[in-house]
Amino acid sequence: MTSESTTRRAHQKAERAADSKAVDRAARAGFVARGIIYLLIGVIAIRLAFHPGDGKQADRSGALAEIAEKPFGLFLLWALGIATAGMALWRLSEAVFGRSGPDGDKAGKRLISAGRAVFYGFVSYSVLSFAMGSGGGGSSDKKSKDVTATALGWPGGRWIVAVAGAVVVGIGVGLVVRAVLRKFRKHLKTGEMSRRTERVVDVLGIAGNLSRGILFGTAGVFAIVAAIQFEPKKAKGMDDTLRSFTETPAGPWLLVVIAIGLLGFGAFSVASARYRET
């Protein structure tokens, strides 16, 4: 057997492993974990709209703290951390072997999957760190300000922060387009849904992606402002960005609308655990 055929056989085995039931189940568990976190963030955000001083953080750290306070909270945290690691594993398999579908082998799609694998790997690490009592790295607001302050101290720091903010704005715009054009549908097994279920999942996907798009876009704008004014405190994490919606003429009601959308995305993620093509 030649070395080339041996390599090919090893690659085929690795591809089969990436397409295995274990990876499929890991991905679906990850969708459930993501859904739970967003549902909790949405609930906390609604509370913030009317009780801004209750001390809760409307971000991942706030959601994890909420879980930790519940019976069997530590067990749930470990389960969420492991499930999110499953999501990272699935995205990593997409980066290495390509996604399902006709365009899954394109370099651009593999690169996006690699980025998502890194992101969910970080989320898993932060959840497991929280479960082990290290706090998961603190609030998103503090981390955003610390990272911005560090970056602004580098040569060309203003440009780095501005470009990063522009990328986040671009992600937000992409999510809004995804919602409006319902691009999320192409990854769903709509043929397995009843007509009523399909309509509900559509509404959840549209509302969820719109809210996330607005949230990301607004956070990106704050980062650009921080770069222009050379002021790290102008950068905002998820919690401060959500709180900023209460400062608009709509008062707390805009935050309520965004929060309902985040609840919708949480529910959409849970539905994806059942209907997503992996």
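## A walk along the salt bridges

Start by selecting arginine 47, which is partly exposed, with a relative accessible area of 30%. Keep in mind on this tour that you are looking at a predicted model.

**Stop 1: the partner of arginine 47.** The side chains of glutamate 66 and arginine 47 meet in a salt bridge, at 2.7 Å from N to O. Arginine 47 belongs to helix α2 (residues 21–50) and glutamate 66 to helix α3 (residues 60–68), so this pair ties together parts that are 19 residues apart in sequence. Why can such side chains pair up at all? Opposite charges can pair when the charged atoms come close.

Is glutamate 66 buried or exposed? Glutamate 66 counts as buried, because its relative accessibility is 7% and buried means under 20%.

**Stop 2: a second bridge from glutamate 66.** Stay with glutamate 66 and select lysine 70 as well. These two also form a salt bridge, with their closest N and O atoms 3.6 Å apart. Lysine 70 counts as partly exposed, at 41% relative accessibility.

**Stop 3: further along the chain.** Next, select arginine 185 and aspartate 202. They form a salt bridge whose closest N and O atoms are 3.0 Å apart. This pair links distant parts of the chain: arginine 185 sits in the loop between α7 (157–180) and α8 (195–229), while aspartate 202 is in helix α8, 17 residues away. Compare how open the two partners are: arginine 185 is partly exposed, with a relative accessible area of 22%, whereas aspartate 202 is buried, at 10%.

Now widen the selection to take in Arg182 and Glu198. Together with Arg185 and Asp202, they are linked in a network of salt bridges.

Where does methionine 132 lie? Look in the loop between α5 (107–131) and α6 (140–152). Methionine 132 is exposed, because its relative accessible area is 58% and exposed means over 50%.

Key
Residues are numbered from 1 along each chain as its sequence is written. This is a predicted model: local features need pLDDT of at least 70, side-chain atom pairs count only at pLDDT 80 or more; totals for chains, interfaces and linings use all residues. Side-chain values use heavy atoms; hydrogens and water are left out. Helices (H or I, at least four residues) and strands (E, at least two) are DSSP runs, numbered from the N terminus. Buried means under 20% relative accessible area, exposed over 50%, partly exposed in between (1.4 Å probe, protein chains only). A salt bridge is a side-chain nitrogen of Lys or Arg within 4 Å of a carboxyl oxygen of Asp or Glu.
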